[in-house]
Amino acid sequence: MPDHEFAVWAPRPELVRLDVDGTLHPMTRDDDGWWRAVVDAAPDARYGFVLDDDPKVLPDPRSARQPDGVHERSALWQPSPDAWSDAGWKGRSIEGSVIYELHIGTFTPGGTFDSAIEKLQHLVDLGVDFVEVMPVNAFGGTHGWGYDGVLWYAVHEPYGGPDGLIRFVDACHDLGLGVLIDAVFNHLGPSGNYLPQFGPYLSSGSNPWGESINIADAGADQVRRYILDCALRWMRDFHADGLRLDAVHALVDTTAIHILEELSTETDALAEEVGRPLSLIAESDMNDARLITPRENGGLGLTAQWDDDIHHAIHTAVSGERQGYYGDFGSIETLAQTLRNGFFHAGTYSSFRGRRHGRPLDTSTIPATRLLAYTVTHDQVGNRAVGDRPSQNLTAGQLAVKAALVLGSPYTAMLFMGEEWASSSPFQFFSSHPEPELARATAEGRKREFAEHGWDADAIPDPQDPQTFQRSKLNWDEVGVGDHAKLLEFYRSLVALRRTEPDMADPWLDDLRTDYDEDARWLVMHRGTLAIACNLNSEPVDVPVAGEVVLAWDAPTVGDESTRVNGHSVAILRRQVR
């Protein structure tokens, strides 16, 4: 068996020993808190670390593979020398692209990387550019959303482990699809979190999901390196084309160089090294464009960020929902303003927060393509009490209006799996914590949270019930049936129009114009010579724009000066240039 060097950063224990396939070996400590040992080990040896007098063998914080779950020994792993066939993949920028967010466990009945590969041609036919996978790092249990990861370097074994992820990324690249991986660095999950026993991974602060990660307190240098190395590893070792960074507003960094700036710098260096674009997309609740402002201009230099204001403005105007954080949205005027400005809350009062929120976006220097627009995300479905999709509450025409506003906009567009055919499957919050007390607390906490907001507690799905997970799987039998098929074809046409129409390529919001009528409930978004006329009313309306019909949900009646758009419908017209 070949020699293998094992290393672990563990400044807290006085003694660390290495367990390889049941045999203990001594380790030596460096001045910086790293423990090391060189031991003969099989290529797939199971190993872990024993800290002080506690007999439990703990997994490696930088484990590449956890065959038996996050509570057990790690396994040595190296990819096969011939694992990759994507040498010809040159990558692409995400700006202005169409991204498709999916959850590996519910995208297909099989719930694995290999079964997801079988559906990639559907995405190619749809015309998307990138697949964004919800977190695939190792977490407690067999199934869950993935945001409770505890071993960030390992790939969730039930999905297919690291070898499965390689096959998935390789297959995507072979079909011309980029891959983005959702990475969570703002908290650790409650099941299998042994990192605090090794070192000061947690800070004294907290966020809604648990204790915060130590990126600015004493001992933070190695924790920051742990995060940065993990992020870069997804792009270097697994050939991902970028990351979606979860809830970056929860990364409280008081140091002079924010960890996101550090990550963007190192990501750019890696992109230069591998010879292809690498992108960082932030999920942020701050409405602060400094995230996506270039570093040389005083920003953090990320590529793009999610924009919930656009989602809220579209969803509330179409659906009429106004509860919770939707309270400031709902009018056609608000929709028009948000489409033109990127942010609705831009130093303005937020009734949900009870304070001013956000800052204005400089639309003359920040292109719209650095903001992601979407009609729905995993959050905007799964964090509803019963995980119901818009397709379960809206007409097909209303869904078409929402799609046209997103895909017809200058923003980088993102779809959530199944929305393109109005999937009837909910996407509910599900978990599989193996600890009975944690499982019970998760279920009871979910019911209590929504009961406080007026929901019937008995109607809230139990996250631990396996059927909650099963109900959330897409039903692919719907794809070619009735309105499902009609909506899918409409989505395909919108994506194709986005690619082929020169007027759709303009990334600057200063060139976007809107007209609307609050009482009649119509809005027109102008993109050069194209006019996207949306009727949010259930009855036909006359919209003061005319021209050649390029695409429509229901055939409109075009006059000399106006167009009659049917109820809950949208028509894209090419205006005559005079």
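A residue counts as buried when its relative accessible area is under 20%. By that criterion, 5 of the 5 residues of strand β8 (residues 98–102) are buried, so β8 is largely enclosed by the rest of the structure. The model is predicted.

- Strand β21 (residues 412–416) pairs with β8 in the parallel sense through 4 bridges, and L415 in β21 is the bridge partner of Y100.
- Strand β9 (residues 130–133) likewise pairs with β8 in the parallel sense, over 4 bridges, and V133 in β9 stands opposite L102.

**Strand β6 and its partners**

- Strand β6 (residues 46–51) has 5 of its 6 residues buried, so β6 is largely enclosed by the rest of the structure.
- Strand β2 (residues 16–20) runs antiparallel to β6 and is joined to β6 by 5 bridges; G48 in β6 is the bridge partner of D19.
- Strand β7 (residues 74–75) also runs antiparallel to β6, with 2 bridges between them; A75 in β7 is the bridge partner of R46.

**Helix α11**

- Helix α11 (residues 396–407) comprises 12 residues and reaches 16 Å from its first C-alpha to its last, close to the 16 Å expected at 1.5 Å a residue.
- The helix is mostly covered, since 12 of its 12 residues are buried.
- The buried residues of α11 include the charged K402 as well as Q398, L399 and V401.

**The second largest pocket**

- The volume of the second largest pocket is about 600 Å³.
- Its lining consists of 26 residues, of which H4, A64, L76, W77 and Q78 are the closest to the centre of the pocket.
- Both β1 (3–9) and α6 (220–236) supply at least two residues of this lining, and β1 gives the largest share, 5 residues.
- By class, the lining has 15 nonpolar, 8 charged and 3 polar residues.
- Domain 1 (3–58) and domain 2 (99–500) both give residues to the lining, so the second largest pocket lies between these domains.

Conventions: Residues are numbered from 1 along each chain as its sequence is written. This is a predicted model: local features need pLDDT of at least 70, side-chain atom pairs count only at pLDDT 80 or more; totals for chains, interfaces and linings use all residues. Side-chain values use heavy atoms; hydrogens and water are left out. The expected span of a helix is 1.5 Å times one less than its number of residues. Buried means under 20% relative accessible area, exposed over 50%, partly exposed in between (1.4 Å probe, protein chains only). On a 1 Å grid over the protein atoms alone, a cavity is a set of points where a 1.4 Å probe fits but cannot get out, and a pocket is an open set with protein on both sides within 12 Å along at least five of seven lines; lining residues have an atom within 4 Å of a point. Grid points are joined across faces, edges and corners, and a volume is the space filled by probe spheres set on the points. Domain bounds come from an automatic or database domain assignment. Two strands pair if DSSP finds at least two bridges between them.
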